[in-house]
Amino acid sequence: MTNINVIQPGTIEKPPGEIPFLLLPKRNAFQARAARLSALAEGHALADYLLFLAVLARAQHESMSLFRHVLLPEVPELERCREHVMPPLGTRGWDRDPVWREALRGILTELEAAALPEATRAAIVRLKDTDDASLERVAETLLAGEHDDKLDRAAIPFIGAALQAYWLHLVTALGAGAFGRLDVPHLCPACGSAPMVSIVCTGSDHGLRYLTCPLCNMKWHAVRIKCVFCDTTKGIAYHGIEGGSAAVKAESCDTCHGYLKILYMDKDPNVDALADDVASIALDVLMAVSGITRRGTNFFLF
């Protein structure tokens, strides 16, 4: 593992008035993710799992058509959330439409046609036979960020996938103008989730860092060379794997002893928050050996 010296904070940001706060995900995000997962699988030690996730991402895209008529927050509710700096689609405040469970079962049916290991097929059979109340309890546990040992871990990727598709529809249907800043800047302005990774952009947003939501795929701006969670600018370090991708590093903080991965689009313009997070699990292993705690949430790394 290599440590990289960093420049001082504030030297690579645009003036605040020029920085877009939110980057709205596209509705074809799952298609793009499937392509990235397939590309990363070539020659990778986790090739089978990455290819499975690619199939799952394509099933997520197909499920998006189910959500076109779900209820959305109305203008008074959006205004109230802005006034009280609350996420309008908060995982604990927004009432999920039961159609997400229909999407889950649709995703499972799509996957049944794929070549899958027996253990995965068994998990699909169990999920298809699970009653609605039990599915909702698992969803509550996942969305609360709890690591319940009683959870069927084989079921988590499927339930997480359906919830991602549902929330992606909600944010793209509402548009970026529906969301404002929160009192806790590291939480997603749309749904209140903690970030999965951060991404340093290219193009018109060159050099700007955005946190990426593991649930709704929203991106929101965060100053670089600063701990996302405790706001300190001291003791920030960057770690990578010798001979590994220069596009993926772990940003650690000496104060709160945690890290969040950071992806660099100038090193690889095709990086995807979820796909590259999973593909760089070796970096998580090295950070764990170093005694530094992962802070990013990912339904596919449980």
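## Overall build

Buried residues, those under 20% relative accessible area (1.4 Å probe, protein chains only), make up 50% of the 302 residues in the protein chain. This is a predicted model: local features need pLDDT of at least 70, side-chain atom pairs count only at pLDDT 80 or more, and totals for chains, interfaces and linings use all residues. Residues are numbered from 1 along each chain as its sequence is written, and side-chain values use heavy atoms, without hydrogens and water.

The protein chain has nine helices and nine strands. These are DSSP runs numbered from the N terminus: helices are H or I with at least four residues, strands are E with at least two. The C-alpha trace spans about 55 × 50 × 35 Å along its principal axes.

## Contacts and charge

Contact means heavy atoms within 4.5 Å. Of the contacts with a separation of 6 or more, 67% join residues 24 or more positions apart.

The protein chain carries 30 positive and 36 negative side chains. Lys and Arg count as positive, Asp and Glu as negative; His and the chain ends are not counted. The centres of the two sets lie 3 Å apart, with each charge placed at NZ of Lys, CZ of Arg, CG of Asp or CD of Glu.

## A look at Arg-82

Arg-82 sits in helix H3, which covers residues 75–83. Its relative accessible area is 43%. Arg-82 is therefore partly exposed, a class that lies between buried and exposed (over 50%).

Beyond its neighbours within four places in sequence, Arg-82 is in contact with Gly-177, Ala-178, Phe-179 and Gly-180. Gly-244 is 162 residues from Arg-82 along the chain, and their C-alpha atoms are separated by 42 Å.
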